[in-house]
Amino acid sequence: MEKHYKLKNILSEIIGNIKKQDFLVYFRKISIIDITDNSVVFGTVSSFMKDNLEAKFHSVVLEASKKELWDKITNISFKVDGEIDNPSNTNAVDCQKFLKENHKTSKLAEKESRSSVTAGAKVAANANARYSLSNFIVGADNQLAYSACEAVTKNPWKSYNPLYIYGDVWLGKTHLLQATWNEILKKYRDKKVAYTTADKFITEYVTAVKKRNVERMRERFRDIDVLVIDDVQFLSKKEQTQNELYNIFNILYDSNKQIIISGDRAPKELTELEPRLRSRFEWWITVDIGKPDFETRLAIIQEKAREKEFMIPHDVAEFIAANVTENVRELEWVLNQMIAEYELTGNTPSLTRIAQKLQKLSFTTDLLWESKRAEKRTTSTIKSYEDILDAVSRHFGIEKEGILWENRKKEFMLPRQVGMYLLKTKMNYTYERIGNIFNGRNHASVLYSCNKLDKLLKKDKTLLYEVNAIKDQVGI
Ligand code: ADP
Ligand code: MG
């Protein structure tokens, strides 16, 4: 327990001194194996991670250890820790979780991710390839993958190598890989920079076998400086090809060439690949891409519309972002449908019309109803405070009286605060008036409740969604 506590302090110190994405990618999971008077032994998941930490972060970790433990520490080392994944090992820390729990709203991290976006925009200003880093929208769920690719374009062969990116279909893997490939091509014209898909690689290999010129293919690949291979999951059951690729990877890796691979799932789950290839990926740098959240989806639609020079009304963009949630390809599809319709009729389709289209594809069943409500909402008349309080009580499944009257039970407190907050922010009522509605409470206690909720909403995303759901219900 003691070590665990110390390790967390050391990690906190490290976070303040290195880039957030470096922390997530290189530290991933770490443990303390031993502490003596003047030395600390850290545990890593693989020898690859160990080598990287030693090479890149030795001094950062040493300084942090000195600061958090004592000055006498002169020596730190890294060792592969076979017990690191053992659930009963309390001396290990999962860095991703740690960062989430402890540095949720780290200003530093935010600033950094923004600046990486603008940097990307600058680089690609004169690129006309369809996929670039500048037209890739960065959100919480793809930030890491984006940053890794951006770092590779800036510093290939040196950082994030080899890199394995994984995520479900249509979440942007090909976009990122091709963008990275494009950037490197432009920057290093004298280098051999290759992009291929696993499918193409298989075909090429099979043809080479047939024509008996495998050796030539081998030579070509072994000579590459940057190798990008998309959709590696398609290699499943192709043992010979996997074997070939395994050897190519080893050679490229040994001669310090850059490798970037994508797959549709984590290396561990690529169970149809040969174990040795799979485990190779496992100890590479792996980053995942998740489904984009609402804000990212909205930004993607706006970006895609901008690329196509189509003005999309904000409520329409929001409606699509709220309802098409699975992947980015679907978002693009809906947008293209809208543009086609616009070109035919000269009108931007109404929400109902879009909903009909989505429904045909059975994105969701009650969209039509949703869209009607949304359309009504934009033209709807003023609500009474009763509507709001009804919605609050319905949402939390409690009696309205419980909210209004002096009831100190915990389950009524939050709904009461939500009710007051909505009356203040949405109806613009004075604190006095709200106090009267809430059974004659005084102005100060209403003020306190509203401020309290305001603070809570900034911290608690789930609560924010709940409050938004209530607003939606009432149409405010
Ligand atoms: P994958 O290779 O993961 O299946 P793609 O890279 O083919 O996904 O992405 C599908 C489509 O979605 C592409 O047109 C891509 O440009 C777009 N896309 C995905 N993610 C983003 C994003 N974050 N920003 C902009 N476009 C995106
Ligand atoms: Mg793809």
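## Helices H12 and H14

Helices H12 and H14 lie oblique to each other in this predicted model. Their axes are 10 Å apart and form an angle of about 45 degrees; H12 comprises residues 294-307 and H14 residues 328-345. This angle is neither under 35 degrees nor within the range of 65 to 115 degrees, so the pair counts as oblique rather than roughly parallel or roughly perpendicular. The crossing of H12 past H14 is right-handed.

On the H12 side, the contact is formed by Arg297, Ile300, Ile301, Lys304 and Ala305. H14 contributes Val328, Leu331, Glu332 and Leu335. Six of the residues in this contact are nonpolar and three are charged, while none is polar.

## Overall content and confidence

The protein has 476 residues, of which 35% count as buried. It contains 22 helices and nine strands. Of the contacts between residues at least 6 apart in sequence, 71% link residues at least 24 apart.

The mean pLDDT is 84, and 89% of the residues reach 70 or more. Residues 105-128, however, have a pLDDT below 50, although the stretch has 23 contacts in the model beyond near neighbours in sequence. Where pLDDT is low, predicted coordinates should not be read in detail.

Phe201 belongs to helix H8, which covers residues 198-210. This residue counts as buried because 23 C-beta neighbours lie inside 10 Å, against a threshold of 20 or more. Apart from neighbours within four places in sequence, Phe201 is in contact with Thr196, Ile229, Thr241 and Leu245. Phe234 is 33 residues from Phe201 along the chain, and the two C-alpha atoms are separated by 10.0 Å.

The axes of H8 and H10 are 10 Å apart, with a packing angle of about 100 degrees. H8 is therefore roughly perpendicular to H10. Phe201, Ile202 and Tyr205 of H8 meet Thr241, Glu244 and Leu245 of H10. Four residues of this contact are nonpolar, one is polar and one is charged.

## The packing of H10 on H11

Helix H10 (residues 239-254) also packs with helix H11 (residues 275-282): their axes come within 10 Å and cross at roughly 40 degrees. This crossing is left-handed.

From H10, the residues involved are Gln242, Tyr246 and Phe249; from H11, they are Arg276, Leu277 and Arg280. The contact comprises three nonpolar, one polar and two charged residues.

## Backbone features in loops

A cis peptide bond joins Asn161 to Pro162, with omega near -15 degrees. Pro162 is located in the loop that connects helix H6 (143-154) to strand S5 (163-166).

Two residues other than glycine have positive phi values. Lys237 has phi near 70 degrees and sits in the loop between strand S7 (226-230) and H10. Lys237 is exposed, since 10 other C-beta atoms lie within 10 Å. For Asn439, phi is near 55 degrees. Asn439 occupies the loop between helix H20 (431-437) and helix H21 (443-459). With 12 other C-beta atoms within 10 Å, Asn439 is exposed, because the limit for this class is 12 or fewer.

Terms used:
Residues are numbered from 1 along each chain as its sequence is written. Chains are lettered from A and ligands numbered from 1 in the order in which they are written. This is a predicted model: local features need pLDDT of at least 70, side-chain atom pairs count only at pLDDT 80 or more; totals for chains, interfaces and linings use all residues. pLDDT is the predictor's confidence in each residue, from 0 to 100. Two residues are in contact if their C-beta atoms, placed from the backbone, lie within 7 Å. Helices (H or I, at least four residues) and strands (E, at least two) are DSSP runs, numbered from the N terminus. Axes are lines fitted to C-alpha atoms, for helices over the stretch in contact, and angles run from 0 to 180 degrees between N-to-C directions. Angles under 35 degrees count as roughly parallel, over 145 as roughly antiparallel, 65 to 115 as roughly perpendicular and the rest as oblique. A crossing is left-handed if the near helix is turned anticlockwise from the far one by less than a right angle, and right-handed if clockwise. Ala, Val, Leu, Ile, Met, Phe, Trp, Tyr, Cys and Pro count as nonpolar, Asp, Glu, Lys and Arg as charged, and the others, Gly among them, as polar.
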